[in-house]
Amino acid sequence: MTPPAGDRDPAHTPVRVLLCDDHAVVRAGLLALLSSAPGIEVIGEAGDGEEAVALAAALRPDVVLMDLQLGSGIDGIEATRRIAGLPEREAEREAGREVECDDGREAGRADGRDVEREAAGWGAAGRGAPHVLVLTTYDTDADINRAIEAGATGYLLKAERPEELFSAIRAAAAGRSTLSAPVAHRVLAQMRSPRPGLTDRELDILGQLARGLSNREIARALFISEATVKTHLGRIYDKLGVDTRAGAVSVAKEQRLLP
């Protein structure tokens, strides 16, 4: 059995990978492919974002191979954000338990859990959260930006050759970033000609706008007030340099801000 991440010698042990894709056939293909790669071991599979977060916390993989579109529930972006924050949330929960302790015996048990977690590599001086490597078919600027902002270590397209995938997994395990060539091209293009910096909420509203929804319908869909929708629309118009709904959608499509 593979020892806990904090007890392993990275030079002689495989990279432990968790797969997350909502298509069972895709997961089976990845499992078969990665089984042929030396130094890589698949330790779990998740069919949705919530399951990926739970398994990442339980299994402590080195790398989570994450798809972006995961059907119902949270998407790959939100799952990435939660996985990237796992150690912090664990520390917060543990701190809460210590505050609730009302005698020395219970406090000692809380301290023991801290020691055990640090020994496994999850403490402040440990290995931290698993690295998330996005593996998807989507290469829009909006998807790339959101994934990177959520904490993804790398962004790979499913069209890559197997050798590139193996290399990217090993790089991610070491904390090194890897981008598919088309993705790297987009990132460089953005750096040379920065796109408007829309927030996640503004992108959500822009997406609803592209569907032709009214302000009232957008408010209902996003559980916010119409006044909030109008405020965000004003900011979107300013950032995109437009003054109409149609203009905002047109510019967003030209600049690939929409998924």
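This is a predicted model: local features need pLDDT of at least 70, side-chain atom pairs count only at pLDDT 80 or more; totals for chains, interfaces and linings use all residues.

Trainee: What span should helix H11 have at 1.5 Å a residue?

Mentor: Helix H11 runs over residues 226–240, and its 15 residues should span 21 Å, which agrees with its end C-alpha atoms being 21 Å apart. After the helix comes Gly241, whose phi is positive, near 70°.

Trainee: Which residues of H11 are buried, and why are they on the same side?

Mentor: An α-helix has 3.6 residues a turn, so residues three or four places apart point the same way. In H11 the buried residues are Val229, His232, Leu233, Ile236, Tyr237 and Leu240; they cover an arc of only 145° around the axis, which puts them on the same side of the helix. The face turned away from that buried side carries Ala227, Lys230 and Asp238, which are exposed.

Trainee: Which helices do the buried residues of H11 pack against?

Mentor: They pack against helix H9 (200–210), helix H10 (215–222) and helix H12 (245–254). In soluble globular proteins, nonpolar side chains tend to be buried together. Here the largest nonpolar core has 22 residues, of which Leu206, Leu240 and Ala248 touch the most other members. H9, H10, H11 and H12 each supply at least two residues of this core, and the largest share, five residues, comes from H11.

Trainee: What is Leu206 in contact with, leaving aside its neighbours within four places in sequence?

Mentor: Leu206 is then in contact with Leu198, Ile236, Leu240, Ala248, Ala252 and Leu258. A second, separate core of 18 residues includes Val42, Leu165, Ala168 and Ile169.

Note on methods:
Residues are numbered from 1 along each chain as its sequence is written. Side-chain values use heavy atoms; hydrogens and water are left out. Helices (H or I, at least four residues) and strands (E, at least two) are DSSP runs, numbered from the N terminus. The expected span of a helix is 1.5 Å times one less than its number of residues. Buried means under 20% relative accessible area, exposed over 50%, partly exposed in between (1.4 Å probe, protein chains only). The arc is that of the directions from the helix axis to the C-beta atoms. Contact means heavy atoms within 4.5 Å. A nonpolar core is a set of buried Ala, Val, Leu, Ile, Met, Phe, Trp, Tyr and Cys residues joined through side-chain atoms within 4.5 Å.
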